[in-house]
Amino acid sequence: MRFCSPLTIIALCVLVHATQVSAQTSGNGTDALRLAVEKALQSNPEVTAKFNAYRASADAVDVANGALRPRLDVNAAAGIDENRISSRRPEAESMRRTGLGMSLTQLLWDGLGSKREVERASHDRLSRYFDLIETTEQTSLEVARAFYDVLRFRKLVALAEDNYVEHRYASQQIQARFRAGVGRGVDFEQANARLALAESNLTTETANLHDVMARYLRVIGEVPPPALGPLTVLHLGVPGSGAEVLDRAVAQSPAISATVESVRAARLTAQVRESAFQPRVEARVRSGFGNNFDGVRDQRRDSAAELVMNWNLYNGGADQARVRQQANLISQSEDLRDKACRDVRQTAAIAFNDTRKLTEQLVLLDRNTIAIEKARDAYRQQFDIGQRSLLDLLNSENELYTARRAYANAEYDRALAFARTHAGMSQLTAQLGIRRPLGLDDDGQAWSVGDDGPHRCPADTISLPSIDIEALAKRVPTLAEPAKPAP
């Protein structure tokens, strides 16, 4: 396997270069979001950590392969041997020795333990690969969340500023009336109280903007620019039904694929454990030379070729315990696989339902905002001619601010819901026109779940009846007709 240079790794070769921008939204907003995602994927520590884990798992495959290849050792020694043998005269004998030797060892049989270890390491590498892809998608979603939240709270700050201006204007009107002797002091105090509340709301929204900008800095690695472009909604590429969304989510989920590979790796680990019950056979060739070689007087050279077998018959029950332990670990990995499937289905189902719900709510919230704005304008005109109280006017201002704020939140929540839906189907980066570099997809191209898919992952979809406004209207009590006056 070929890897990128260290400098490219720091810039995260995992990730990404732009191909073409999706035609589903306006260019500027999508470009800004795509660039933010690219920057995050190149520098986010969580992504780079997963990439380094993937590289390490690829090296682990080479480590496991080493057990199947010959082992060549060179050894050298020099020393003094001192022996005392009571049946020999003289009893003490001292001998200087030197030696240089070489040995070649080749594994012939170990119960297929080394071969299974290579296969296990390969499945572990695939698991790390899918972990990397899942982290890429989730980081892209976090970028989208941070991106939309900065746009959201900049809009909310602007609304809070407008609300403060309107309240200050009302306060100045009351103050002018009070000084002219045509207004009441209590109205002046009421206006000042509402003005203080408007200023408090502005302070709160500004603090919230600071917090989401700090999150943007953490996820993406830089402070958000002054202009992020218009709000864009990634609405294309989302299926029309919840069932199709869930099917895609399960079929394309790297989180599920990673757990499937973990199950396969656990099974192979169990086979590695079972190989301890079989003999280990090695072929060895060794040769060496020296003075008094191997501690034998006057020996200059020694060579040997041999087959060596070692068969452990009892190990204190540790090998049996390891087999039982691994059987439980296999069950655990299967449980985690099924849990991952349920989590993926839940996340995708909620995200898709949010796209539908918020699309409908935006229409109603828009109607609500327009109606309240008209009412506020009417209240202001009536207040100017003395037909409305100050409290009515201030209440209408607060109600309009609340309505505009609710509409803005729903607007950005809807955009985020579409991004969550794409991430739930593991296609958010693709929707943004971002693809992984050549070579990274090699591990996953021919991958198949086979018979190892989740077994305890309900395939049901939640279906709720639509809200029947007409039926609800019929439940409204009928008003009694007013009594006619007597003639």
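The count comes to 4 aromatic pairs in this predicted model, where rings of Phe, Tyr and Trp (its six-membered ring) pair if their centres lie within 6.5 Å. Planes under 30 degrees apart count as stacked, over 60 as edge-to-face and the rest as tilted. Tyr54, Tyr129, Phe130 and Trp447 form one aromatic cluster.

**Tyr54 and Tyr129**
- This pair is tilted, at 6.0 Å centre to centre and 50° between the planes.
- Tyr54 lies in helix 3 (residues 45-66) and Tyr129 in helix 4 (residues 113-180), so the pair links parts 75 residues apart in sequence.
- Helices (H or I, at least four residues) and strands (E, at least two) are DSSP runs, numbered from the N terminus.
- Both Tyr54 and Tyr129 are buried, meaning under 20% relative accessible area; exposed is over 50% and partly exposed in between (1.4 Å probe, protein chains only).

**Phe130 and Trp447**
- The ring centres of Phe130 and Trp447 are 5.0 Å apart with planes at 65°, so this pair is edge-to-face.
- Phe130 belongs to helix 4, Trp447 to the loop between strand 6 (434-435) and helix 11 (469-474), so the pair ties together parts 317 residues apart in sequence.
- Phe130 is buried at 8% relative accessible area.
- Trp447 is partly exposed at 22% relative accessibility.

**Charge over a ring**
- Arg388 lies over the face of Tyr379, 4.2 Å from the ring centre.
- The rule asks for NZ of Lys or CZ of Arg within 6 Å of the ring centre and within 35 degrees of the ring normal.

**Basis**
- Residues are numbered from 1 along each chain as its sequence is written, and side-chain values use heavy atoms, leaving out hydrogens and water.
- Local features need pLDDT of at least 70, and side-chain atom pairs count only at pLDDT 80 or more, while totals for chains, interfaces and linings use all residues.
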